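Thanks for sending this one over. Here are my notes, in numbered points, to read with the structure beside you.

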Amino acid sequence: MKKVNKIKAVGYCRVSTPKQVKRCVVYCRTATENKNRSNNIQTEKCLGRARKDKCEITEVITDTGSGMNLKRKGVQELIKFVKEGKIDAVYSTDLCRLSRNLGDAEFLKELFKEYEVKLQLVNC
């Protein structure tokens, strides 16, 4: 009788689930309203990276004002999205766009960590 070598094999099939598609927010900030061009550049850089990462872009938030505190409409909206579990990632060009105050920046980083939101910094 002829000896037959048995081959052991494993089949693998992967299906993308809705959770694998990251929902993200693009956040941009300038200190003054006269810097619309800067916001546009920030926005385009972040949108490009988010699209490359195949994210579902939930919102583009552009803020104007000092980065020394979190009393800005846009950053408050961002915090709300995080706490409500509506996003998986935040795209911004630099941490200082979110906050120039080290305590506030640390608060945001810890908030993102607690809610498993990834911070993606896109350098201009």
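1. In this predicted model, helix α2 passes helix α4 in a left-handed crossing. The two helices, residues 73–83 for α2 and residues 102–114 for α4, pack at an angle of about 25°, and their axes lie 10 Å apart.

2. Which residues in α2 meet α4? On the α2 side they are Val75, Leu78, Ile79, Val82 and Lys83, and their partners in α4 are Phe107, Leu108, Leu111 and Phe112. Sorted by class, this contact has 8 nonpolar residues, 1 charged residue and no polar ones.

3. If you were looking for disulfides, a search of the whole structure finds 0.

4. Is Cys24 buried or exposed? Its relative accessibility is 0%, and buried means under 20%, so Cys24 counts as buried. Across the protein, buried residues make up 35% of the 124 residues.

5. Stepping back to the whole chain, the protein has 4 helices and 4 strands. Along the sequence they follow the pattern β-α-β-α-β-α-α-β.

6. One last point concerns contacts along the sequence. Taking those between residues at least 6 apart in sequence, 73% join residues at least 24 apart.

Terms used
Residues are numbered from 1 along each chain as its sequence is written. This is a predicted model: local features need pLDDT of at least 70, side-chain atom pairs count only at pLDDT 80 or more; totals for chains, interfaces and linings use all residues. Side-chain values use heavy atoms; hydrogens and water are left out. A disulfide is a pair of cysteine sulfur atoms within 2.5 Å. Buried means under 20% relative accessible area, exposed over 50%, partly exposed in between (1.4 Å probe, protein chains only). Axes are lines fitted to C-alpha atoms, for helices over the stretch in contact, and angles run from 0 to 180 degrees between N-to-C directions. A crossing is left-handed if the near helix is turned anticlockwise from the far one by less than a right angle, and right-handed if clockwise. Contact means heavy atoms within 4.5 Å. Ala, Val, Leu, Ile, Met, Phe, Trp, Tyr, Cys and Pro count as nonpolar, Asp, Glu, Lys and Arg as charged, and the others, Gly among them, as polar.
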